[in-house]
Amino acid sequence: MTIPKQVMRAVIGIAVMVLAFGIVAGLFLLELPKGNREVAFTVLGVALGWTGAVVNYHFGTSEGSHRKTELMSQGSDK
């Protein structure tokens, strides 16, 4: 059984966003030791960067460019 590419992308995107939300919630709910705060903020920045990349891909020009490329390749096959 093969998982469709769109489903897999959606699952990965949701997982990244849930991870980022979990890190933000953890920063508010848990008290971090002083030595770990900089590491936690760095991890938060990376997770938020991933979240931004997911949103930019699905709602930005990358998805439209991907669709355009698919349509162009379908048109050249005829």
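Biologist: At what angle do helix α1 and helix α2 pack, and how far apart are their axes?

Modeller: This is a predicted model, in which local features need pLDDT of at least 70 and side-chain atom pairs count only at pLDDT 80 or more, while totals for chains, interfaces and linings use all residues. Residues are numbered from 1 along each chain as its sequence is written, and side-chain values use heavy atoms, with hydrogens and water left out.

Two packed helices are described by the angle between their axes and the distance between the axes. Helix α1, residues 5-29, and helix α2, residues 37-59, pack at an angle of about 145°, and their axes are 9 Å apart. Here the axes are lines fitted to C-alpha atoms, for helices over the stretch in contact, and angles run from 0 to 180 degrees between N-to-C directions; helices (H or I, at least four residues) and strands (E, at least two) are DSSP runs, numbered from the N terminus. The crossing of α1 past α2 is left-handed, a word used if the near helix is turned anticlockwise from the far one by less than a right angle, with right-handed used if clockwise.

On the α1 side, the residues that make the contact (heavy atoms within 4.5 Å) include Gly13, Val16, Ala20 and Leu27, and on the α2 side Phe41, Leu44, Trp50 and Tyr57 are among them. The contact residues divide into 17 nonpolar, three polar and one charged, where Ala, Val, Leu, Ile, Met, Phe, Trp, Tyr, Cys and Pro count as nonpolar, Asp, Glu, Lys and Arg as charged, and the others, Gly among them, as polar.

Gly22 is also found in helix α1, and this residue is partly exposed, with a relative accessible area of 40%, given that buried means under 20%, exposed over 50% and partly exposed in between, with a 1.4 Å probe and protein chains only. The C-alpha atoms of Gly22 and Leu44 are separated by 9.7 Å, although these residues are 22 residues apart along the chain.

As for the setting of this pair, the chain has three helices and zero strands, and 14% of its 78 residues count as buried. Along the principal axes, its C-alpha atoms fill a box of roughly 65 × 30 × 15 Å.
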